[in-house]
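Please open the structure in a viewer and keep the sequence beside it.

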Amino acid sequence: MKKIHRLGCALAAGSLLLAGCSGSGDSGGGTAEGPPQMEAATEVGDGEGELNLVAWPGYAEDGSNDPAVDWVTPFEQQTGCNVNVKIGNTSDEMVQLMRSGQYDGVSASGDATLRLIYAGDVAPVNTDLTPNYATVVDFLKDKPWNSVDGQMYGVPHGWGANLLMYNADAVTPAPDSWSAVFPGAPEMKGKVTAYDSPIYIADAALYLSKTQPDLGIKDPYSLTTEQLEAAADLLKQQKENIGEYWSDYTKEVQAFESGSTVIGTSWQVIANTIEADGKVKIGTVLPKEGSTGWSDTWMLSSKAAHPNCMYKWMDYIISPEANAQVAEYFGEAPSQTKSCDLTAEKTHCETYHATDADYAAQIHYWTTPQKKCVDGSGDNCTSYDEWVTKWQEIKG
């Protein structure tokens, strides 16, 4: 990753939070070999009275949107940390906000996490200081998108698969493969949708890894120049049949309910919303090739002005009750195993496969592509910057 930002050392008011840190000389930032060197906290002191977060919509609700939906106020009452939330609508926006140095933490998806880690924008996290981490599902711990060399850079929040969703009346027979939106897309020309992000290139790469093994794709986020080009070619073909791309999930709900879209990549929460509205009969499937997906991580800014409050928040948001509330409200699997006993809808964890390790194993979670292949296969992979350029070419 490019050496972009100078490393900051976060100090808690009245208590040394970080044991120490060192950057890469005057240039700051990480290198292709690893992120800037920083030591994780050794203790959590008193809260500083304030906490500034960047979060996905629905992740830090304080009752202002719905009086019945509020897990922020109890946190404020327990800790004295008054929470201010800046909504991030895309991962790119979240990265830019975190690089401003104005925020203490972020709920980052895997297409942002390594960018933040390698640029020195976030600090390593001592999970011993977040006791609720102990009962987080094991398959979200120490993964390529939230850790480097065994060091966690946050705590897992929630997760889900990128599913294939379809209008059950318009698309028959029911699809079981991503081929329905790649070579089969012309059959639904103009009514196909796809996620609007460079990370969607991984969906094409995953499909090609199963259907064109001669390309040698082992991991959809570890692509050589030739493999990236093959995925881009597939997506350029798909574009001829795309009605619209989506990043705001409410837009996809509207598109399916109006009939302008009948098939494409989706999330379980979108399917649930459409089913609840009852306007369209839809189906979802995790295709036989597997799927990409997302696992969000609460990360601590390396420049945090309120690091003690952020540590308190990280432990709180993965506590059984809070994690159950946010997972159910947002529409995702909780990371906390004990949350499954506390959801209002008793089948929530079953619907989202919350503790199903076999289901989770079929998901290739968003991970930021790097020159140093994230699957450990070498140093000849393409970076996220190259994916961004290629995505711009694909969309035209």
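Is Glu-393 buried, exposed or partly exposed? Glu-393 is partly exposed, because its relative accessible area is 40%; the class lies between buried (under 20%) and exposed (over 50%), computed with a 1.4 Å probe on protein chains only. The model is predicted, so that local features need pLDDT of at least 70 and side-chain atom pairs count only at pLDDT 80 or more, whereas totals for chains, interfaces and linings use all residues. Residues are numbered from 1 along each chain as its sequence is written, and side-chain values use heavy atoms, with hydrogens and water left out.

Next, select Lys-390, which forms a salt bridge with Glu-393 at 3.3 Å between the closest N and O atoms. A salt bridge here is a side-chain nitrogen of Lys or Arg within 4 Å of a carboxyl oxygen of Asp or Glu. Both residues lie in helix H12 (residues 384-395), and because they are three residues apart, about one helical turn separates them. Helices (H or I, at least four residues) and strands (E, at least two) are DSSP runs, numbered from the N terminus. Lys-390 is buried, because its relative accessible area is 12%.

Proceed to Asp-121 and Arg-99, whose side chains meet in a salt bridge (2.7 Å, N to O). The pair links distant parts of the chain, 22 residues apart: Asp-121 is in the loop between helix H3 (110-118) and strand S6 (122-123), and Arg-99 in the loop between helix H2 (91-98) and strand S5 (105-108). Both Asp-121 and Arg-99 are buried.
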